[in-house]
Each structure stands twice: as structure tokens, then as C-alpha cells.
Amino acid sequence: MNWVKGLRRLIEFPKASGEISKCSTSQYSVANKCRNGILVAKRISLSPRDIDVRETLILAKNMVLRHKLRCSSEGNVLGARQYARTLSRKYGQSSQNDPDLSRDFLAQLWLLEKRMSGPRGRPRRDIDEYADFGETDDITSARQPPPSQTATGSLKPTSVEEAQVAPLLARSNLLITRDIEWANLMLGFEQANRYAVVDACYPQSPVGFIREESNVIARQLLRLRRLFVAYITDALGNELFRVRRPFWWITSSIYAEINGKEVGVVHRRWHLWRRIYDLYLGNKQFAVVENPGFWNWTFTLKDINGEVLAQIDRDWRGFGFEILTDAGQYVIRFGTADPSAKTGPATLIQELEVARPLTLSERAVAVALAVSLDNDYFSRHGGW
């Protein structure tokens with residue numbers, strides 16, 4: 001534990017010597033920034049009460065790194081040992097107790113660093129208290145792709161709720177893909193549905209995710225008629241809004257909620273073979289879907305005059321996917337994207353001509369409709 005004694009003496013040295021000269025302060029105090037590429041604390045008073053575990057670790061690392069750098073610059077072991085002895089004496093240590101960077105010393109330093117690490121092993125650093133380490137770690141390395149439609153006109157947020165969902169819904173085309181449920185495929189065990197949302201203009205990374213939360217027993221007993229809540233998040237995992245579907249027997253309903261406030265609802269109308277849905281924003285209906293049924297997988301949202309507002313297509317993913325799994329894929333088309341956002345393969349996308357762009361709240365209801373369609377008609381494997 002010689003290195004611990006050395007650090008303790010290092011901490012107590014200013015108290016014993018009174019006031020440190022400006023020369024020694026510029027060379028040995030931890031207020032010195034980035035000497036020889038070694039970064040130290042920005043704000044620290046050299047007293048035992050003010051120096052905590054993190055600052056002690058920085059001091060220990062500096063001693064190790066300075067020792068290594070000196071060894072490489074001198075080019076011989078004798079010069080490195082002489083520098084280590086000089087450095088130790090300046091901190092009030094005897095030459096016999098110099099840290100020789102032994103395995104025990106490095107092991108103790110590793111344990112000290114582990115004590116100040118977070119739950120995932122990342123050091124907890126306070127940016128205000130410590131000097132710049134060159135470039136700070138980007139904790140949220142994943143970035144939300146920019147919207148493919150400009151937030152103007154009907155897409156301009158008119159409330160806090162719409163501003164919250166704008167990063168996900170201010171896009172021309174959303175591709176929603178459901179994950180394969182292997183337990184359902186192999187054992188018939190109904191799992192919670194999960195989806196990935198991708199902007200067709202930025203197919204490199206998802207722009208959001210949809211995650212269902214429901215009771216595991218209710219999923220096995222009620223299957224498609226179960227009640228659930230699906231959380232829609234952005235690419236960084238921040239919840240934007242949620243859709244809630246209660247238990248149903250004859251016809252289903254699904255509600256879109258932002259920050260706990262209900263913004264819209266989708267009601268399914270009973271018909272023997274046609275698939276009819278009414279979409280409401282508050283108490284006012286703004287669209288209707290009338291699908292002829294059977295093998296028609298295109299669901300067009302139309303206004304009261306029969307003009308197209310948006311469209312939801314279910315894509316054919318292949319014989320194996322369609323016969324053996326419920327892993328469907330849906331495309332929600334909201335209209336034309338900005339020309340600057342269409343690059344690469346996105347330039348080949350055929351845009352949908354709409355009578356008017358849907359508002360952000362109406363688009364949240366359209367996403368709720370896509371989730372309802374997947375559960376009402378395209379999740380029949382093992383269900384009833």
C-alpha cells in the first residue's frame with residue numbers, strides 16, 4: 001500500500017508546507033491543465049477534506065502516466081528511475097517508497113477506478129468540475145435521423161404534444177416492421193409485439209420503435225382480443241406517445257395518447273367481409289378507411305369528400321414470412337418528401353399525392369390504425 005501512502009502525503013503536503021509557490025503550483029498542482037497529454041482536475045483544493053475518490057484517481061493516473069512518459073522520453077531505465085525518485089521526493093516521499101508500477105499498484109488503481117464507475121462500467125465524470133478530456137464521450141451515439149418533411153403549414157406544431165411527436169411523424173413515409181416471435185413460431189406462445197420504425201429516406205437506422213406491454217396470461221387466453229398498451233419511442237428510446245387498446249369482443253377500438261392526454265381514436269365498424277375504420281381527432285372524424293377485404297392489403301385514408309389523405313400498405317415479405325410468422329411490414333404514406341431529403345435509393349420512391357397533409361396529431365392516430373390492423377387481421381397464427 002505504498003502508493004496509498006504516497007497519495008495521502010501528496011494530499012497533505014500543502015498543509016504541511018504552508019503555501020505552495022507559483023512555480024511548484026504550475027508544475028505539480030492538479031489545477032495544471034493537460035500537461036504531456038495528461039488531463040487533470042480543473043477545480044480542486046489540495047486538502048484532505050476536498051479531495052474525493054475521483055480526484056484521487058486522477059492524481060494516481062497522472063503519476064503513472066508521467067512515469068511512463070518520462071521512461072519513453074529518456075530512453076533508458078536509469079533515467080526513468082531517477083525521475084521517479086525525484087518526483088516522489090517532491091511529493092514528500094522517500095526514495096525507498098517510490099511507486100515502481102508493480103502489478104499490485106496497478107491492481108489497486110484498477111479497483112479504485114472501478115469504485116467510481118457507473119452501472120455499465122463508464123466513469124462518472126462531472127463536466128463542470130473536470131477539465132476537457134479532448135472530446136467527451138458521446139453517450140447517445142445513436143442519433144435521430146432528421147425529418148424528411150419541413151415543419152411548415154399543417155406540419156407546424158400547434159401544441160406541446162405535437163412538438164413532442166414531430167421528430168418521428170414529420171416524415172413522408174414510415175416503414176414499420178414487426179419482429180419475428182420465435183416462441184410463437186415454435187411453441188405457439190404469444191409474445192409481446194415489437195416493431196421497428198424506419199424512414200424510407202434514411203434507411204440506415206431506425207427513427208423509432210413500438211413496444212407492446214400486456215399481461216402474459218391475457219396474451220395466452222385472449223390472444224388478439226387482449227388489452228394492451230404500445231409505447232412509441234424515438235431512436236434514442238424516449239417515449240413520444242402511446243396507443244392503448246382495451247379488450248374487445250365484436251369491434252375493436254384503439255386510442256392515441258400523448259403525455260397521458262387522449263388526442264384521437266380509431267373505431268372499427270363491423271362488416272361481414274369489408275374492413276372499415278373511422279378515425280377521430282378528439283370528437284371530430286377526419287378520415288375513414290373502407291377496404292374491400294379478402295386479399296386487398298391497401299388501406300387508404302379518405303376525407304369526407306373521398307379525397308386521399310394517407311395510405312397504409314402491408315408489404316408481401318415472402319412465402320416463409322407470410323405462412324409461418326406474423327412478422328408483417330407496413331408502409332404509411334403521408335405525402336411528398338422534401339427534395340433535399342431524397343438521396344440514393346429514396347429517389348426511386350413513388351410519392352403519394354394527397355389532398356392535404358395530415359397534421360402531427362392526425363398522423364399519430366394513423367400510426368395507431370397501423371398497430372390495430374396488424375392485430376386485427378394479420379396476427380392469426382395461433383390466435384382466434
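Predicted model: local features only at pLDDT ≥ 70, side-chain atom pairs only at ≥ 80, totals over all residues.
The structure holds six aromatic pairs. Tyrosine 277 and tyrosine 377 form an edge-to-face pair. Their centres lie 6.4 Å apart, with 85° between the planes. Tyrosine 277 has a relative accessible area of 0% and is buried. Tyrosine 377, at 15%, also counts as buried, because the cut-off for buried is under 20%.

Tryptophan 297 and tryptophan 316 form a stacked pair. Here the centre-to-centre distance is 6.2 Å and the angle between the planes is 25°. Both partners sit in loops, 19 residues apart. Tryptophan 297 lies between strand S9 (284-291) and strand S10 (298-302). Tryptophan 316 lies between strand S11 (308-315) and helix H9 (319-324). Tryptophan 297 is buried at 16% relative accessible area, whereas tryptophan 316 is exposed at 52%.

The charged end of arginine 314 sits over its ring, 4.9 Å from the centre. Likewise, the charged end of arginine 244 sits over the ring of tyrosine 255, 4.7 Å from the ring centre.

Helix H6 spans residues 160-169. Its buried residues are Glu161, Glu162, Val165, Ala166, Leu168 and Leu169. Viewed down the axis of H6, these fall within an arc of 165°, so they line one face of the helix. In an α-helix, residues three or four places apart point the same way, because each turn takes 3.6 residues.

Conventions
Residues numbered from 1 in each chain as written. Heavy atoms only, no water. Buried < 20%, exposed > 50% of the residue type's maximum accessible area, 1.4 Å probe, protein only. Helix = DSSP H or I, 4+ residues; strand = E, 2+ residues; numbered from the N terminus. Arc of directions from axis to C-beta. Phe/Tyr/Trp six-rings, centres within 6.5 Å; stacked < 30°, edge-to-face > 60°. Lys NZ or Arg CZ within 6 Å of the ring centre and 35° of its normal.
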